[in-house]
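Here's a quick briefing to read alongside the model. Have the viewer open and follow the topics in order.

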Amino acid sequence: MKTLDVQVWRGDETGGFEKFEAPAQENQTVLDVVTWIQRNADPSLSYRFACRVGMCGSCAMTVNGRPRWTCRTHVSRVAKDGRLKIEPLLNLPVIKDLASDLKPFFDKWNAARGTFEAAIKREDPLVPISPDQPERAAANAAIECINCAVCYSACDMVGWKPSYLGPAALNRAWAAWNDVRNDNRLDVLKAVSDDAGCHNCHSHQSCSEHCPVGLNPTLSIAGLKRATSKALLKGNLK
Amino acid sequence: MMRPTRKHSGYWAFLAHRLSGLGLALFLPLHFLALGTAIQGAAKLNSFLEWTENPLAKFAEIILVILLSAHLTGGLRLLALEFLPWSERQKTWISIGAGISLAAGLAMLFNLI
């Protein structure tokens, strides 16, 4: 039987790799391999997953150096020589084994003020929003993020400056800024223009390269840079 | 070894821009130092200019032109990326920038300019 040579991260940040041999199937995902190890080799292996079909965003891990959704990554695509190196997501604290602590990621999501605050009450008449409106088109392009933290893990700036809000939170802020029904649009710009904000981005575009949904956070961040610069010149950022 | 997440043209463009910038920052004080020799009379500057005719200085000059054009095209690319509406032709821009830098270096090499 053909086997895979799998190195799996064990323990917290101070841990190390443990080697496993898992059966190689013709058709298997990296998540299948991790699950096989937990069920057949070491039941104490910790990892996170839920939907297994690329909907929930909880199974992201670092596979052979790149952050990926393990459920949508076929082994044949990443391990041509039968070798897999599986680690938790980079740029985040490690809880145990393959489970990263996403608290900093979600804290920054909140800090970027991407929350929607309705400008009207429920009894007010609805404001018609045309799908062709440029702001709506920009918001639509950014809105499919499922918070998997793959972009956050791929971002060099997050690694270099730990306070940086990162691509996911800023992409969400860009969608919130473009939502004309949103009552806190200026707060969004204020939140993303401080020391930890959008102007840290060096446009490496690793986020866009790695986003499993095909979103372009660099585009969103560039948009925020333009919007905050305009607001600053108009004196709206005080 | 380079982190696998960095193996794409956007990161290479960043690296070229940053390293050329550092190179130019190192060159600039030397440039002013050379110009400053003129304060002590034309002869001193002229003797320095004669020294720069040696092959090593000529070679360094070509590298300098490549660094300058790489930093210029890299900077224009960044300005376009961040201040103009997004274009899907990012990678083409990077290639054009790299091409112009190389062409500038080659033009110097063959004394075209």
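**Briefing: chains A and B**

In chain B, among contacts between residues at least 6 apart in sequence, 73% join residues at least 24 apart (two residues are in contact if their C-beta atoms, placed from the backbone, lie within 7 Å). A word on ground rules: this is a predicted model, where local features need pLDDT of at least 70, side-chain atom pairs count only at pLDDT 80 or more, and totals for chains, interfaces and linings use all residues. Residues are numbered from 1 along each chain as its sequence is written, while chains are lettered from A and ligands numbered from 1 in the order in which they are written.

**Chain B overall**

- Chain B has four helices and zero strands (helices are DSSP runs of H or I with at least four residues, strands are E runs of at least two, and both are numbered from the N terminus).
- Read from the N terminus, that gives α-α-α-α.
- Chain B is more spread out than a compact globule, because its radius of gyration is 18 Å, well over the 13 Å that the globule rule gives for 113 residues (the radius is taken over C-alpha atoms, and the rule is 2.2 Å times the number of residues to the power 0.38).
- The C-alpha trace of chain B spans about 55 × 35 × 25 Å along its principal axes.
- Of the 113 residues in chain B, 16% count as buried (buried means that 20 or more other C-beta atoms lie within 10 Å of the residue's own, exposed means 12 or fewer, and partly exposed is in between, with C-beta atoms placed from the backbone).

**Where chain B meets chain A**

- The contact takes 13 residues from chain B and 15 residues from chain A.
- On the chain B side, α1 (9-36) and α3 (55-83) each supply at least two residues.
- The most comes from α3(B), with four residues.
- That side of chain B divides into seven nonpolar, three polar and three charged residues (Ala, Val, Leu, Ile, Met, Phe, Trp, Tyr, Cys and Pro count as nonpolar, Asp, Glu, Lys and Arg as charged, and the others, Gly among them, as polar).

**The five-stranded sheet of chain A**

- Chain A has an open sheet of five strands in the order β2-β1-β5-β3-β4, with mixed pairing (two strands pair if DSSP finds at least two bridges between them).
- Its edge strands are β2 and β4 (66-69) of chain A, each pairing on one side only.
- Neighbouring strands of this sheet are turned by 35° against each other on average, direction ignored (axes are lines fitted to C-alpha atoms, for helices over the stretch in contact, and angles run from 0 to 180 degrees between N-to-C directions).
- As a reminder, strands of a sheet pair through backbone hydrogen bonds, either parallel or antiparallel.

**Strand by strand**

- β1 (residues 3-10) and β2 (residues 16-23) of chain A are antiparallel partners over eight bridges, and A:Arg10 stands opposite A:Gly16 in β2(A).
- This β1(A)-β2(A) pair is a hairpin with five residues between the strands, and A:Gly11 in the turn has a positive phi of about 85°.
- β1(A) runs parallel to β5 (residues 83-87) of chain A, joined by four bridges; the bridge partners in β5(A) are A:Leu84 for A:Val6 and A:Ile86 for A:Val8.
- β3(A) and β5(A) are antiparallel over two bridges, with A:Val63 opposite A:Ile86.
- β3(A) and β4(A) also run antiparallel, through four bridges, and A:Ala60 stands opposite A:Trp69 in β4(A).
- The hairpin of β3(A) and β4(A) has two residues between the strands, and A:Asn64 takes a positive phi near 45° there.
- A:Ala60 and A:Thr62 point one way from β3(A), A:Met61 and A:Val63 the other way, and all are buried.
- In a regular strand the side chains alternate between the two faces of the sheet.

**Two domains in chain A**

- Chain A is assigned domain 1 (3-100) and domain 2 (103-233) (the bounds come from an automatic or database domain assignment).
- The C-alpha centres of domain 1 and domain 2 of chain A lie 30 Å apart.
- Domain 1 of chain A puts 14 residues into the contact and domain 2 of chain A puts in 15 residues.
- On the domain 1 side, β3 (60-63) and β4 of chain A each supply at least two residues, and the largest share, four residues, comes from β4(A).
- That domain 1 side divides into seven nonpolar, four polar and three charged residues.
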